[in-house]
Amino acid sequence: MLALGIEGTAHTIGVGIVDERCRVLANVYDMVKPEKGGIHPREAANHHAELAAPMIRRALDAAGVSADELDVVTFSQGPGLGPCLRTVATAARALSLSLGVPLVGVNHCVSHLEIGRGLFPECEDPALLYVSGGNTQVIAYARGRYRVFGETLDIGLGNMLDKFGRELGLPFPGGPRLEKLALEGGKLLPLPYSVKGMDVAFSGMLTAALALHRRGERLEDIAFSLQEVAFAMLTEVTERAMAHVGKDEVLLGGGVARNKRLQAMVGRMAEDRGARMFVPPGELCIDNGAMIAWTGLLMHRAGVRMALEDTLVDQRFRTDEVAVTWR
Ligand code: AMP
Ligand code: MG
């Protein structure tokens, strides 16, 4: 069985092709990089519209399969930016109709978890720490649903890092640049540690970090401190979720999961509690089409069928709205 998945919730359009054993045959993507300022939903959607057809062709070429070998077409149905979601849904509908194969809409957050389970067969029932640009959530399976045990109350961690980077004139995305700078830092500066119950908040930390910069603190030390404090918050909440629901596996997902310091902190926490950590390769941590293809394939195989009117996009598609019938 072959599934093609199109991801397009935000800045990245990605097309992936996977088979029924979660072998990734193709995973191509392209990210909008605004010259200045943040991501404009309309501009990102135009970018996705221009690239959808060529990326689908590139993915088919990379996989060495022809379009008529596809068994199911899948796409990111939400959550995300409305114009981007609609553009990608339109491309997926057109492809599915022209090939005469079923179409499955996939929850983006759920797919970050499923791709990890698919890639690591020994990772059966993890708590997912999902940290990307727009999303920051701790997700785990309980009674038929993926449930959110903790999440950001304001902005995603990646957005916080990117915004801080942008204010300082660093090129987009700021996250990886700050990781490099942090290696040259080492002085722990005071930043608000905002854990509220199981939830976290980052906008106060952004304001405080900018104030430290204005006070003349070294950028390297601010980057270091941002990582130490933000990652400690996430590690704390993830550990509590694992303890609460009795999970002994932790999976990382989202672009920020590429960060080596975050991996080290969560890995240390896992080790201390006799749990195991799994980190997908970078190109499957960020937003990508392969995870959408794989999750759609699981859903299709479990009998999920969607009429065209079921494929409307949902900007606020919640993780726990999805009935998980495939596990
Ligand atoms: P995603 O939204 O999952 O595609 O991930 C994009 C986000 O991941 C952006 O906000 C990036 O700044 C962030 N990111 C990517 N690599 C790193 C890294 N090494 N450290 C911190 N953040 C990162
Ligand atoms: Mg994502």
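Reply: Contact here means heavy atoms within 4.5 Å. The model is predicted.

Start with the division of the chain. Domain 1 covers 2-112 + 284-321, and domain 2 covers 125-279. Their C-alpha centres lie 26 Å apart. Across the boundary, 19 residues of domain 1 are in contact with 21 residues of domain 2.

Now the metal. The magnesium ion (ligand 2) has four coordinating residues listed with their atoms: H108 through NE2, H112 through NE2, Y130 through OH and D287 through OD. The distances run from 2.0 to 2.4 Å. Water is not among the atoms, so the site may look incomplete. Along the sequence, the donor spacing reads H-x3-H-x17-Y-x156-D.

H108 and H112 sit four residues apart in helix α3, so about one helical turn separates them. Both belong to the buried class, for which the cut-off is under 20% relative accessible area. H108 has a relative accessible area of 1% and is therefore buried. H112 is likewise at 1% relative accessibility, so H112 counts as buried.

Helix α3 spans residues 108-119, and helix α10 spans residues 289-301. Their axes are 8 Å apart, at an angle of about 85°. That angle makes α3 roughly perpendicular to α10. On the α3 side, the contact is made by H108, V110, S111, H112, E114, I115 and G118. On the α10 side, A290, M291, I292, W294, T295 and L298 take part. By class, this contact has seven nonpolar, five polar and one charged residues.

Helix α4 (residues 157-167) packs with helix α5 (residues 174-183) at about 75°, with the axes 8 Å apart. These two helices are therefore roughly perpendicular to each other. L161, D162 and F164 of α4 meet G174, G175 and L178 of α5. By class, three nonpolar, two polar and one charged residues make up the contact of α4 with α5.

Key:
Residues numbered from 1 in each chain as written. Chains lettered and ligands numbered in written order. Predicted model: local features only at pLDDT ≥ 70, side-chain atom pairs only at ≥ 80, totals over all residues. Heavy atoms only, no water. Axes fitted to C-alpha atoms, helices over the stretch in contact; angles between N-to-C directions. Parallel < 35°, antiparallel > 145°, perpendicular 65-115°, else oblique. Nonpolar A, V, L, I, M, F, W, Y, C, P; charged D, E, K, R; others polar. Donors = N, O, S within 2.8 Å, 3.2 Å for Na, K, Ca; no water. Buried < 20%, exposed > 50% of the residue type's maximum accessible area, 1.4 Å probe, protein only. Domains from an automatic or database assignment.
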